[in-house]
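Here is a short briefing on one protein chain. Keep the structure in view as you read.

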Amino acid sequence: MKIATFSTQAYDKQFLNEFNTGHEISYLEVPLNEQTASLTNGFDAVCVFVNDLVNEVILDVLASNGVKLIVLRCAGFNNVDVKGAAERNITVVRVPAYSPEAVAEHAMALILTLNRKTHKAYNRIREGNFSLEKLMGFNLHERKVAVIGTGAIGKAFCMILKGFGCKIAAYDVKPDESLKELGVNYGTLEETLAEADIVSLHCPLLESTHHLINTETLKLFKPGAMLINTSRGGLVKTGDVIEALKSGLLGALGLDVYEQEASLFFRDFSEDVIQDDQIARLISFPNVLITSHQGFFTREAMEQIAVTSFKNIDAFVNGDELVNRVE
Ligand code: NAD
């Protein structure tokens with residue numbers, strides 16, 4: 001198959017080349033959007049990532065260019081108009097669970113860093129400042145953590161929390177029986193958010209979860225609680241969270257995803273003036289830690305993404321059952 005891969009980084013190329021099962025791949029650094037969709041002319045498939053856009057306008061271009069397959073090299077598919085693709089006879093496949101532990105471990109890394117301030121200690125020590133002032137954290141042992149969404153990643157995160165001796169409250173539209181047996185306490189969203197010292201989001205971005213965290217739901221939070229989002233930026237209404245940080249209602253915020261990340265993440269703007277005022281404000285808080293959508297970024301996960309993407313492509317070519325089809 002001739003495949004156009006969008007938003008390519010050097011590491012994508014490395015892993016896709018290593019596990020390619022014989023397809024002709026063109027690597028494009030640009031994201032897929034309305035300006036770049038015409039580049040798909042002559043390709044059978046496109047391979048896209050989290051911030052590539054596949055809306056109706058783009059689908060029309062893909063269809064008229066003869067593209068038959070959209071290969072998502074990620075789990076989330078909120079950026080793809082799946083119904084629109086089906087209407088144009090374009091198949092969508094994804095990598096549903098490549099390494100849930102990679103993202104779950106990153107969520108814990110954000111918590112530990114925000115809590116024990118190791119990033120600040122690192123900088124202080126390098127400047128010869130050995131003071132402990134303002135570095136005090138809290139024990140995670142016996143603390144209550146709310147896990148919103150207990151699918152593959154949420155479940156892996158619960159296992160990590162268990163190891164730390166945390167109390168786990170969870171909310172999911174489909175509770176996991178095996179987690180109940182482990183002592184995870186399911187409740188309504190309201191019950192789960194209330195009294196938690198840390199809230200961590202692991203549900204997908206859907207119409208029903210868009211801006212799940214907003215001024216109203218933030219009122220349910222325990223004052224000073226920590227919020228962690230490693231799922232999708234659109235789960236959090238950024239302006240409301242900024243207000244909650246300013247008032248002190250929110251004690252700390254760890255983000256691996258950001259609503260407007262498509263125009264920022266995965267690129268170097270270190271010599272530019274950041275035009276996004278909300279991220280600039282977030283960066284200014286001492287109790288906010290932002291990473292650039294790197295939760296997935298481990299060797300194991302990259303291998304799994306490449307292997308599963310080629311299995312999906314081969315199954316499509318051979319007319320086999322598409323176990324990772326998105327419909
Ligand atoms: P999953 O499908 O295994 O689990 C999602 C869970 O959310 C399911 O249990 C589902 O029942 C639940 N859910 C659905 N609607 C809900 C709602 N309204 N309220 C509460 N729970 C709801 O998915 P996963 O593999 O665990 O991934 C979760 C999300 O993590 C993905 O959708 C993706 O957006 C994000 N993700 C981020 C990264 C990263 O690098 N930061 C990497 C992979 C995935």
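E177 and K180 sit three residues apart in helix α7 (residues 177–181), so about one helical turn separates them. Their side chains meet in a salt bridge, with 3.3 Å from N to O. Bear in mind that this is a predicted model.

**Salt bridges: the setting**

- Side chains of opposite charge can pair when their charged atoms come close.
- The structure holds 14 salt bridges.
- One of them is the pair E177 and K180 in the opening lines.

**A bridge between distant parts of the chain**

- R143 and D197 also join their side chains in a salt bridge, at 3.3 Å from N to O.
- This pair links distant parts of the chain, as the two residues are 54 residues apart.
- R143 lies in the loop between α5 (118–126) and β6 (144–148).
- D197 lies in the loop between α8 (189–193) and β9 (198–201).
- Is D197 buried or exposed? D197 is buried, because its relative accessible area is 11% and the cut-off for buried is under 20%.
- R143 is partly exposed, with a relative accessible area of 29%.

**A pair at the surface, and a network**

- K219 and E216 form a salt bridge through their side chains, at 3.1 Å from N to O.
- Both K219 and E216 are exposed.
- Which residues are linked in a network of salt bridges? They are E56, D60 and R88.

**Two packed helices**

- Helix α10 covers residues 238–247, and helix α11 covers residues 277–284.
- They pack at an angle of about 25°, and their axes are 11 Å apart.
- That angle makes α10 roughly parallel to α11, because angles under 35 degrees count as roughly parallel.
- The crossing of α10 past α11 is left-handed.
- On the α10 side, T238, G239, I242, L245 and K246 make the contact.
- On the α11 side, the contact residues are Q278, R281 and L282.
- How do the residues of this contact divide? Three are nonpolar, three are polar and two are charged.

**To look for in the structure**

- Find R143 and D197, and follow the chain between the two loops that hold them.
- Then find α7, and look at E177 and K180, about one helical turn apart.
- Last, view α10 beside α11, and pick out the contact residues, including I242 and L282.

Notes. Residues are numbered from 1 along each chain as its sequence is written. This is a predicted model: local features need pLDDT of at least 70, side-chain atom pairs count only at pLDDT 80 or more; totals for chains, interfaces and linings use all residues. Side-chain values use heavy atoms; hydrogens and water are left out. Axes are lines fitted to C-alpha atoms, for helices over the stretch in contact, and angles run from 0 to 180 degrees between N-to-C directions. Helices (H or I, at least four residues) and strands (E, at least two) are DSSP runs, numbered from the N terminus. Angles under 35 degrees count as roughly parallel, over 145 as roughly antiparallel, 65 to 115 as roughly perpendicular and the rest as oblique. A crossing is left-handed if the near helix is turned anticlockwise from the far one by less than a right angle, and right-handed if clockwise. Contact means heavy atoms within 4.5 Å. Ala, Val, Leu, Ile, Met, Phe, Trp, Tyr, Cys and Pro count as nonpolar, Asp, Glu, Lys and Arg as charged, and the others, Gly among them, as polar. A salt bridge is a side-chain nitrogen of Lys or Arg within 4 Å of a carboxyl oxygen of Asp or Glu. Buried means under 20% relative accessible area, exposed over 50%, partly exposed in between (1.4 Å probe, protein chains only).
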